[in-house]
Amino acid sequence: MSGLNLVVLASGRGSNFKAIQDHIDRGDLAAKIQLVLSDHADAPALDLARAAGIPQAALVAADYPDRVRFDLALLEKIKAVPCDLIVLAGYMRVLSQTFIQEAPAPIINIHPSLLPAFPGLHAQRQAVEYGVKVSGCTVHLVNDILDGGAIIAQRVVPVLPGDDEDRLAARILPEEHRLYSEVIGKIASGQIKIKDQSVTILD
């Protein structure tokens, strides 16, 4: 299925990447993943991409003199393929302002909390320790504030008695998988429009 051209950045297991590709393979998401990039040479996400026949590459930060040079190398890879949307799928490096300003397409991320609550690492642990009754996940634009870009969509998940970080994370993850593909689909269909750092959602 043709449609929105995606570049995926992933640092680890790639479960959100795989969920997106599964939706594409089923024919219910009008998109094509053109490239998967990782900052870890041994990331399982790269193995998943390889198995799916999707071009993939690893760029390791230690091979570059500084953060900006690394991000410029990343941008060079992205600009070499068709790209309408950059999708962060468990990408654990903070993107530099240079990357954000020079990216050839909007950048979106999914975060396992109801932003602006609990940005950063271990969001599920933060939610449990704070004692909230609901948590969830958020798809948002990426800007130069950590998890601070415009919110595109959210999905609520209850925090149950006895939850710990792992139990809550396991309950949130399937909602991440559904929500991310729903948002990408709406961007592909024009229901969600992104211009600079603003989001317009059409009925």
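**Figure 1. Helices and a strand contribute to the lining of the largest pocket in this predicted model.** Five elements, namely α1 (15–26), α4 (97–102), β5 (107–111), α5 and α6, each supply at least two residues of the lining of the largest pocket. Among these contributors α6 gives the most, with four residues. The lining of this pocket is made up of 38 residues, and those that lie nearest the centre of the pocket are Gly 90, Tyr 91, Met 92, Ile 110 and Pro 112. When the lining residues are divided by class, 17 are nonpolar, 15 are polar and six are charged. The space that lies in the largest pocket comes to about 920 Å³.

**Figure 2. Residues that line the second largest pocket.** This view shows the second largest pocket, which holds about 170 Å³ of space. Its lining includes Ile 100, Gln 101, Ala 103, Ala 105, Pro 106 and Ile 107, and Leu 141, Val 142, Asp 196 and Gln 197 also line the second largest pocket. Sorted by class, the lining of the second largest pocket has seven nonpolar residues, two polar residues and one charged residue.

**Figure 3. Packing of helix α5 against helix α6.** In general, two packed helices are described by the angle between their axes and by the distance between those axes. Helix α5, which covers residues 123–130, packs with helix α6, which covers residues 165–189, at an angle of about 120°, and the two axes are 8 Å apart. That angle makes α5 oblique to α6, and the crossing of α5 and α6 is right-handed. On the α5 side the residues that take part in the contact are Gln 124, Arg 125, Ala 127 and Val 128, and they meet Glu 165, Leu 168, Ala 169 and Ile 172 in α6. By class, this contact of α5 with α6 has five nonpolar residues, one polar residue and two charged residues.

**Figure 4. Packing of helix α1 against helix α6.** Here α1 and α6 pack at an angle of about 50°, with their axes 9 Å apart, and α1 and α6 are therefore oblique to each other. The crossing in which α1 passes α6 is right-handed. From α1, the residues Ser 15, Asn 16, Ala 19, Ile 20 and His 23 meet Leu 173, Glu 176, His 177, Tyr 180, Ser 181 and Ile 184 in α6. The residues of the contact of α1 with α6 divide into five nonpolar, five polar and one charged.

Technical notes. Residues are numbered from 1 along each chain as its sequence is written. This is a predicted model: local features need pLDDT of at least 70, side-chain atom pairs count only at pLDDT 80 or more; totals for chains, interfaces and linings use all residues. Side-chain values use heavy atoms; hydrogens and water are left out. Axes are lines fitted to C-alpha atoms, for helices over the stretch in contact, and angles run from 0 to 180 degrees between N-to-C directions. Angles under 35 degrees count as roughly parallel, over 145 as roughly antiparallel, 65 to 115 as roughly perpendicular and the rest as oblique. A crossing is left-handed if the near helix is turned anticlockwise from the far one by less than a right angle, and right-handed if clockwise. Contact means heavy atoms within 4.5 Å. Ala, Val, Leu, Ile, Met, Phe, Trp, Tyr, Cys and Pro count as nonpolar, Asp, Glu, Lys and Arg as charged, and the others, Gly among them, as polar. On a 1 Å grid over the protein atoms alone, a cavity is a set of points where a 1.4 Å probe fits but cannot get out, and a pocket is an open set with protein on both sides within 12 Å along at least five of seven lines; lining residues have an atom within 4 Å of a point. Grid points are joined across faces, edges and corners, and a volume is the space filled by probe spheres set on the points.
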